[in-house]
Amino acid sequence: MITDILAIGTLLIVTCLLWVWGKPSRYKYPPGPPGWPLVGNLLKIPSIQPWHLLTEWRHIYGSIFRLHGLGISIVVLGDMTVIKELLDARGSTYSHRPVFTVAGDLLDLDKSFALQPYDDDWKIRRRLARVALSPGAIKQYQPLQEDIAALLNMALLDTPESFRNHIRLAAGRLILTITYGIPISSLDDEFIALSEEAMSVVSRVTVPGTYLADVFPSLKGLHPWLFRNQVEHDRSTIRDFINRPFHHVQKQMAEGIAPSSLAQHLLEDPSDHGFSSKQDHEDAVRWICGALYGAGAETTFSAVLTVILALALHPEKQDRGHREIDSIIGAGRLPTLDDKGSLPYVEALIKESLRWHPAVPLSLARRTAKDDSYLGHFIPEGAIVIPNIWAIASDCNDQYSPSQFIPERFLDENAPIDPATYSFGFGRRICPGKHLAENSVFLFVASILAAFEISADTDLEGNPISLVLNSALV
Ligand code: HEM
């Protein structure tokens, strides 16, 4: 009897070991740097600007490599072919987002379709967002964008030293008006301040591995207890950010004075869109608008600010931009979106800025829905997948150094791949605000160039201060 039990036990153990060992030997994991037991190489990943090291590792381990630790696999993709073959062509496997236990469960951020898993609910929300963001829909915002660009120039004329605030306000205004119909003339800066605060919470809580509970979800219960004040503060910041502008629209609708906006349109839409109750429908609209505002304002701000920095650092490129605007537009008016296409150097300046310092250098991480194999590499279910946009951006034509700001490379016959094809992500989760953002960045940059000369501020001795871009989302 005992020998039978031992025999069955041994058989079970051997079967389990063969199963565990069998998987990776059939499909070997992608290569990657060596690591320590248990923590693997997670501790080697710097928390500041990790894309530099990930790009160095691409040169050593190739365009697909793996980092691991604490039971997690992180697969880093470093060229367009690999990204297209996985994120585009195998979209059903590669379109989930990582699970952020703290951001999702404790702060409710998993209701934002930017962080939701790739499921039917995400599909509905994404479709509803298209009402405001499809290439057809964004045409109606052209006059609004031009008004905001003119207001931006007036504010810059008044207080040029506050240029960061002015650009941030311009980017926020556009999305506030589109999503909630809050008119730009009476814009309450309160909503912009609210979004800044909310974005700083979001960027802190969505870095994979920031919280132990993200690695070990069973520790979730401990988190509010250990960091009670922090959790309460973060939760109320996110709630205010999602609820306050939404309540503003509801109040105006009740009074019959709500201007046209995405929120108003979706709330008045008689179709239930598959939501089971009025409350669910309302909640979805609240979070769709919040997601657009959250994802759209800071990214646009960051992209425009990068161009400003590049122009301040490269006066000769700025001069060429000025000359182009003077000769094509003249001095009597500001550029409009109809001028897009007739200012090739200004467009090259923008492309080069998106390439030189991409606004979102590691895009937004994905998670695999099931085990996969690619070129003989085993990629397990639940792996975090990072498209390294920084690495792609630094692969440009040999003639010009990748680290230098040279807009002329995009006017060459052998121009590198257009940053529009990678800066906004990929496949099914590609940025839904891409077309709107491209128009805004063009208009804000062209309008600033038409009216201003940009240079670094000086110190007390009159020397120009040195300018550095500290992070990606500036
Ligand atoms: C220059 C400006 C912008 C840049 C560089 C940018 C970049 C990105 C990137 C890299 C992603 C991740 C896509 C992926 O996972 O493959 C993304 C997602 C997203 N973006 Fe943008 N974006 C910009 C502007 C906007 C604007 C103006 C809006 C809305 C009005 C917006 C809304 C979103 C949303 C909602 C997502 C999540 C999509 C999803 O998960 O389904 N973005 N963006």
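Among the helices, α14 makes the greatest contribution to the shell around the ligand, giving seven residues. The model discussed here is predicted.

**Surroundings of the ligand**

- There are 28 residues around the ligand, and those that come nearest are A295, G296, G425, C431 and G433.
- At least two residues of the shell come from each of α6 (120–133), α14 (278–313) and α18 (434–451).
- Sorted by class, the shell holds 19 nonpolar residues, seven polar residues and two charged residues.

**Residue D108**

- D108 is a residue other than glycine, yet its phi is positive, near 70°.
- The position of D108 is in the loop that runs between α5 (101–106) and α6.
- D108 is partly exposed because 14 other C-beta atoms lie within 10 Å, a count between the limit of 12 or fewer for exposed and that of 20 or more for buried.

**Residue S363**

- Phi is also positive in S363, again a residue other than glycine, with a value near 50°.
- S363 belongs to the loop between α16 (344–356) and β3 (366–367).
- Is S363 buried or exposed? S363 counts as buried because it has 25 C-beta neighbours inside 10 Å, and 20 or more are required for that label.

Methods: Residues numbered from 1 in each chain as written. Predicted model: local features only at pLDDT ≥ 70, side-chain atom pairs only at ≥ 80, totals over all residues. Near = placed C-beta within 6 Å. Helix = DSSP H or I, 4+ residues; strand = E, 2+ residues; numbered from the N terminus. Nonpolar A, V, L, I, M, F, W, Y, C, P; charged D, E, K, R; others polar.
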